[in-house]
2 protein chains.
Amino acid sequence: MAELTALQKQYILHWGEMGTRWGINRTVAQIHALLYLSPKALPAEEIAETLSVARSNVSTSIRELETRGIVRAVHVLGDRREHYESMKDVWEMFRLVIEQRKRREIDPTREMLRRSLADLDPKEAGAEYTRERLQAMAGFFEAVTELHDHMKSLPTGTVRKLLKMGAKMKRKPS
Amino acid sequence: MAELTALQKQYILHWGEMGTRWGINRTVAQIHALLYLSPKALPAEEIAETLSVARSNVSTSIRELETRGIVRAVHVLGDRREHYESMKDVWEMFRLVIEQRKRREIDPTREMLRRSLADLDPKEAGAEYTRERLQAMAGFFEAVTELHDHMKSLPTGTVRKLLKMGAKMKRKPS
DNA sequence: CTTTACTTTCGGTTCCTACTGAAAGGACGG
DNA sequence: CCGTCCTTTCAGTAGGAACCGAAAGTAAAG
């Protein structure tokens, strides 16, 4: 994996670029792409060389990927260095990512909305209208949460099926 | 709406903060929050004052919200200024956002993966493994796209129902 | 046609995040 | 217990996005 094929380069660059659009650090995303394509675990040193980034940068990035649970360290006999490998199950990977994203992007707002609705003083000017708006918004966040909670308890395969089913449901929408 | 209640302030600040986590500009998100809570359309000037941001900043932000289709200008009799109001249907709003997000975050990768799989030279070193990885990844992106395409053709109410159904499906997963 | 009210564009500044290189911090082998 | 190998931490820097205020642009009113 020391030498990258044109295709691998393209994939890694693209993934890095997309990462930024998903709010993920470019280097982090690139490292993930590299590890995902690599048949064997790689030491940090090699990652740094292959991607031409500072060794320290690799360290912090790997750390983030580890916390997210999509990269882990493995040990190779006769080598003192840590080697890193990416999770290969794509569906499971995105399940993780989505769960984390929900925690960061959905839950806080859902709670804020609940609190707001509880705190809302009916005597306040325009309380009527405000309540209406907040409730509409809260409805959405509650629904998303509910759906997510059900899905996360299912194994990967089932989720895949569920998506397929949802796709078919179009035909008899009633 | 010139004077904000504590609750409204809280909502606007929170929404702005969340915006940054969703990759949306803080000011843009705040303006949206303000308009969403406002019973009547507001002129840019008033938005700027209420949020304490530069008038020009409001201009560009409003523009972005307009392009996304979640804010529009309306005219008030006897007033030369443009007044802006937010879309109030939350579900429709997120449908828009998700669609745009998909265009930016899913489609390009899906295409890249297709191209890569087409270009993949079987004689290349490790082509076997690379193909396997790419295919797994592509499978996910194709599934997401398929699901989205079906959903976007449905009216808001149906999507809401669909989500509810998905939630129930847990009980008989077969 | 000119004035006035309003909006947008644009160059410069500020702020924030990502990245580097150097130094400090483990841990293993001898 | 010292030296070596590897990893992490940290302060400083560079690059980019957001924001401001001034200037230019547009359109309605008189």
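User: In which loop is the place of Ser52(B)?

Analyst: This is a predicted model. Ser52(B) sits in the loop between helix 3 and helix 4 of chain B.

User: Is Ser52(B) buried or exposed?

Analyst: The general idea is to count neighbouring C-beta atoms within 10 Å, where 12 or fewer means exposed. Ser52(B) has 6 such neighbours and therefore counts as exposed. In chain A, Ser52(A) likewise occupies the loop between helix 3 and helix 4, has a positive phi of about 55°, and is exposed, with 6 other C-beta atoms within 10 Å.

User: Which residues come nearest to DNA strand C?

Analyst: A residue is taken as near a strand if its C-beta atom lies within 6 Å of it. Around DNA strand C there are 18 residues, and Thr27(A), Ala54(A), Ser56(A), Asn57(A) and Ser56(B) come nearest. Helix 4 of chain B gives the most to this surface, with 4 residues. By class, the surface near DNA strand C has 4 nonpolar, 7 polar and 7 charged residues.

User: Which residues are the closest to DNA strand D?

Analyst: They are Ser56(A), Thr27(B), Ala54(B), Ser56(B) and Asn57(B), out of 18 residues that surround DNA strand D. Two or more residues each come from helix 3 (44–51) and helix 4 of chain A, and from helix 2 (26–37) and helix 4 of chain B. The largest share, 4 residues, belongs to helix 4 of chain A.

Technical notes. Residues numbered from 1 in each chain as written. Chains lettered and ligands numbered in written order. Predicted model: local features only at pLDDT ≥ 70, side-chain atom pairs only at ≥ 80, totals over all residues. Nonpolar A, V, L, I, M, F, W, Y, C, P; charged D, E, K, R; others polar. Buried ≥ 20, exposed ≤ 12 C-beta atoms within 10 Å, placed from the backbone.
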